[in-house]
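Please open the structure in a viewer and keep the sequence at hand.

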Amino acid sequence: MKLIIRLLFLVSFTSFSQVGGESVYNFLNVPTSARQAALGGKVITLLDDVNQPLWNPASINVELDNQFAVNYLNFLTDIGYASVSYAHMINRNFGTLHGGITYANFGEFIEANETGEEIGTFKAYDIALSLGYAYQVPFSNISIGASAKFVNSVIQDFSSIGVVADFGIVYENEYKPYVFSLAARNVGYQITTFDGTKEKVPIEILFGASYRLENVPVRWYLTVDNLQKWNVAEPNPSNSVTDINGTVIPEDISFLNNAIRHMVVGAEFFPEGGFNLRLGYNFRRAKELQLDGVRTFAGFSAGFGLKMNRIKLNYAFTKYHPADNTSTFSLQIDLNKR
């Protein structure tokens, strides 16, 4: 356990952020699970969801045995994301393994030569294969987990291959209403490049907590993301001003304004019931996609879940901009024989 903790702190002090498209393989940080998306897109304390190990391998546990899920995200500009998750308990002594596939299809593009003549079409896609395992520390309420991901990104005839890993720690006491977790995601490197230039991988360190109210059927979620980089704020052009000389003055982002952009909050109503309602709010997304004088509801997400015997259906609606929104669909099946 000391090794995992040291590794998490080492990553936090030696790595730099990849927010805002500053790295390769950014599709790894797009939530493809409807439950995850509805709660704001960054939750790492879901211990009863077979999709969660794609974000936090420490959430792998025996209760996920033989759980299977398939997810689809209709992203902006008709970009399609899909993912598959499955967990299988090898035996009581060894524990449970989790496997997952994440796929992003960016569609078909027109190919043209240097003179602008169209000569055909080409496609672009990303895919990641993952395998994870978690270990319950004896005589404690702590689980530690790790997963390895093989990543392949293709644009026309160019491709890049990378290997990254996720690490996580979860504290859960079944007699307490709260769960805490720390995760370091996408720690690794690019093996082969598109054009000979090495790019950063999208490392992200997150702290998460959830709390189940005692007399009200609500569970709250809080995530503090991008702990590896303090300044994540980018000025919103909609908030710039022009002085009397015609000079455009960009938005001045305060200490508190930057701090709140690290936070994502969510709430799940009737979390143990057959029907769930979910709400989420991503402060950074809201700040950077807002428009002056227009109520865009950017950063807001909502969804629901419906459980029918061994099948769970989940849906999420995520607000980005007045011009476009996203919908996420998830189907989870319990394959255990009754």
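How many nonpolar, polar and charged residues does the lining of the largest cavity have? By class, there are eight nonpolar, eight polar and two charged residues in that lining. Here Ala, Val, Leu, Ile, Met, Phe, Trp, Tyr, Cys and Pro count as nonpolar, Asp, Glu, Lys and Arg as charged, and the others, Gly among them, as polar.

This is a predicted model, in which local features need pLDDT of at least 70 and side-chain atom pairs count only at pLDDT 80 or more, while totals for chains, interfaces and linings use all residues. Residues are numbered from 1 along each chain as its sequence is written, and side-chain values use heavy atoms, with hydrogens and water left out.

**First stop: the largest cavity**

A cavity is a set of points, on a 1 Å grid over the protein atoms alone, where a 1.4 Å probe fits but cannot get out; its lining residues have an atom within 4 Å of a point. Grid points are joined across faces, edges and corners, and a volume is the space filled by probe spheres set on the points. Four cavities of 30 Å³ or more are counted by this rule. The largest has a volume of about 130 Å³. Select Leu28, Leu54, Trp55, Thr102 and Lys149: of the 18 lining residues, these are the closest to the centre of the largest cavity. Two or more lining residues come from each of strand S3 (95-112) and strand S4 (118-136); strands are DSSP runs (E, at least two residues), numbered from the N terminus. S3 gives the most, with three residues.

**Second stop: the strands around S3**

Select S3 together with strand S2 (residues 80-91). The two run antiparallel and are joined by eleven bridges; two strands pair if DSSP finds at least two bridges between them. Tyr86 has Gly99 in S3 as its bridge partner, and three residues lie between S2 and S3 in their hairpin.

S3 and S4 form a hairpin with five residues between them, and Gly116 in the turn has a positive phi of about 90 degrees.

Strand S15 (311-321) and strand S16 (324-334) each supply at least two of the lining residues. By class, six are nonpolar, five polar and one charged.

How values were computed:
On a 1 Å grid over the protein atoms alone, a cavity is a set of points where a 1.4 Å probe fits but cannot get out, and a pocket is an open set with protein on both sides within 12 Å along at least five of seven lines; lining residues have an atom within 4 Å of a point. Helices (H or I, at least four residues) and strands (E, at least two) are DSSP runs, numbered from the N terminus.
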